[in-house]
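Thank you all for coming. I would like to take a few minutes to walk through one model with you, and please keep the display in view as I speak.

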Amino acid sequence: MALVREQLEDLLSHIEQSNPSVDLGRIERAFALSASAHGSQLRKDGTPFVTHPLAAAQIIVEMGMDEDSIIAALLHDVLEDTGITEEEVKKLFGPSVTAIVEGVTKLTRVQYTNKEEEQMENLRKMLMAMAKDIRVILIKLADRLHNMRTMEYQAGKKQLEKSSETMQIYAPIAHRLGMQKIKWELEDLSFYYLDRAAYDSITEDLAKRQETLDRFMSDVQQKMSGRLRENELQGTVYGRLKHIYSIYRKMYTQKRTFEEVFDLCAFRVIVSDIADCYNVLGHVHDMYRPVPGRFKDYISTPKPNMYQSLHTTVIGEEGIPFEVQIRTWEMHHTAEYGIAAHWKYKTPGPEGEKSAGDEERFAWVRRLLESQQEAGDAQDFFHDLRIDMFADEVFVFTPHGDVINLPAKANPIDFAYSIHSAVGNRMTGAKVNGRIVPFDHTLQNGDIVEVITSGTSHGPSRDWLKIVQSSEARNKIRQWFKKERREENVTHGRSAFEAEMRRQGLSVDAISRGEVQEQVLKRLGFPSFDDTYAAIGYGGLSAQKAVGKVRDMLVQLAKPSKSLVEKINEQKPVATKAVKGIVVEGVDNCLIKFSRCCSPVPGDEVVGFITRGHGVSVHRADCANYLNAITNPAELGRWLPVSWGDTEGQNYSTSLVITAKDRSGLLLDIAQALTAIKVRVRSLTAREAVGERAVVFIALEVADSKELQVAVNKLSGISGVSDVSRSSS
Ligand code: MN
């Protein structure tokens, strides 16, 4: 207990020195709560658990953080590990401290698994986003730093896990926040556990050169200090070895051996003002030869993480290059503690002065924006902060530990569709952190989301379109409806397309001709007409636009078929006008003949066939020859629509076939029946069929199909007749 007491005294005296305005009584009460809550809990090294929050608080004090941060650091593990509730913390220390402790607790609960770099980046963003208050991150860094410092007491597996997490998550976060000192220490501690052999090899090599390097560093240090004194410049000069992991990285990325890494040490000159920085630079360049291209002025152009210094590399007396960094004390503090140095949390002033809090809090962000010169890294950095402050994204886990990045207020449907549209389409429910939630449940940073699916794709609900937040999910749901309602869309699309064709004076049949289809589809840009119609049906393409695309082509294509007809007519000049009551679409006065195979009469549905040299032959639409012929694509283009025109006063030849029981007087009865209805019979021939059946062929002339039907009815009534039908070939 004496140890703990000593540690507390140490903390209090540090606070007193660095920030006299802090209420020490409050700090002591926080310690007391933490100590009693953690009770007899011990750390792996055998010390009381409370030494850990005390150490974290000490790091927070070193960062120069405010009172609430120190208290929160002391309490950072009580919610997770003890029976203390949020209400108790709130009652004793207020909402601000409670919010920070809650934030740290949430971060602690995030499960980490080793993933590829992209996932790491998302995880870092997630932590930043979850933190909301940057103090949460700083306490988490302090917590991790102390845990890494005491990692030797942990089992090997845990050492590796925590070290790789630190290397991949926390050291980069410290870097982003400009906290070099913490970043270096985290890196070296992690490196120690991750690659012990490499770590030892570098420390051994450094130890071998210790004497030389020490002599070199003190030599340069003395020379530079002397020069400063001579010129009455106030400044502190010191040399330091580069940290072990940075030497390792240099060897690794530049494929060098230890011997080939020259700049093992670096020097810092810290002065009181900016003018002195440039003065010192002049002296350094006067004393040692500068390496061209290595001077960098991060004072006039700070790094995105607010780092400021002058950097130069010079050649020492023994030909060994070394780096010199020149900065003011203020810049130095920023370089060491980064964002923490700028985090001036203000407790409300006594006169309730206007909340300068937020403005000050974001002032450095503005500065950051104003000093954007190094675009690449800067954008990343600012992006992270943006997430923190404007919270337009949410980061959640899959059950496998992958981080999924969604827009703020996203729900499980957005999550499901971001995994795969098949997952969304099969979704029947969702679990968040193991509990079933409704579809519109708003996801929080760090949630573990699991989608419950059914075996079959029953499809999304239309209502989902109203609640999804991501355009990705919305598009995928729309896609599903497009596809599922295809039949309906095709039907609607087709009628819209055909109506537009007619409106523009185009024949609907024109596009159904075989040789035209391929070209028309190519022009339309769809693999089939159904696809075109479907697109029109769901509104992806207007009928007007579709017809417009192919109009020229159809007009062009209509011409040859017309001229073909004209050619036919030229070959056989037609004497007779009026072409027997048949109208051929778009053609006047062409040679018409009625096919013998089906002998159509007015009232029959008819089609025309352009014969080679014999004009247009007219068939019934149900003629067997026609039905056979249209399966031949080569001939398809020769069929064209025809219709009945004026047939007044004309007779049309056709024929009937009667099947009857053979008997004497049958032919006479047939002849009498036809005479009775005044049908003009041209021939009547009977032929004996198998057994007692007779088949009678009648060639006759009628005005139209009605008159023909009267004849059929009359003949059907004759005794012994079993069938009366029109011949069709
Ligand atoms: Mn802790």
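I will begin with the metal site, go on to the cysteines, and end with a sheet.

What we have here is a predicted model, in which local features need pLDDT of at least 70 and side-chain atom pairs count only at pLDDT 80 or more, whereas totals for chains, interfaces and linings use all residues. Residues are numbered from 1 along each chain as its sequence is written, and side-chain values use heavy atoms, with hydrogens and water left out.

Which residues are the protein donors of the manganese ion? They are His52 and His76, each through NE2, together with Asp77 and Asp143, each through OD, and they lie 2.1 to 2.3 Å from the ion; donors here are N, O and S atoms within 2.8 Å of the metal (3.2 Å for Na, K and Ca), and since water is not among the atoms, sites may look incomplete. Along the sequence the spacing of these donor residues reads H-x23-H-D-x65-D. Distant parts of the chain are linked by the pair of His52, in helix 3 (residues 51-62), and Asp143, in helix 8 (residues 134-149), which are 91 residues apart; helices are DSSP runs of H or I of at least four residues, strands are runs of E of at least two, and both are numbered from the N terminus.

His76 sits in the loop between helix 4 (67-74) and helix 5 (78-81), and because its relative accessibility is 1%, His76 counts as buried, the term meaning under 20% relative accessible area, with exposed over 50% and partly exposed in between (1.4 Å probe, protein chains only). His52 and Asp143 are buried as well. Leaving aside residues up to four places away in sequence, His76 touches several residues, including His52, Val101, Ile139 and Asp143, where contact means heavy atoms within 4.5 Å.

Turning to the cysteines, a search of the whole structure finds 0 disulfides, a disulfide being a pair of cysteine sulfur atoms within 2.5 Å. Cys265 counts as buried because its relative accessibility is 4%, and Cys277 counts as buried because its value is 0%.

Finally, there is an open sheet of 3 strands in the order 10-9-11, with antiparallel pairing, where two strands pair if DSSP finds at least two bridges between them. Its edge strands, each pairing on one side only, are strand 10 (435-437) and strand 11 (449-453). Strand 9 (residues 427-432) is joined to strand 11 by 5 bridges, and Val432 stands opposite Val449 in strand 11.
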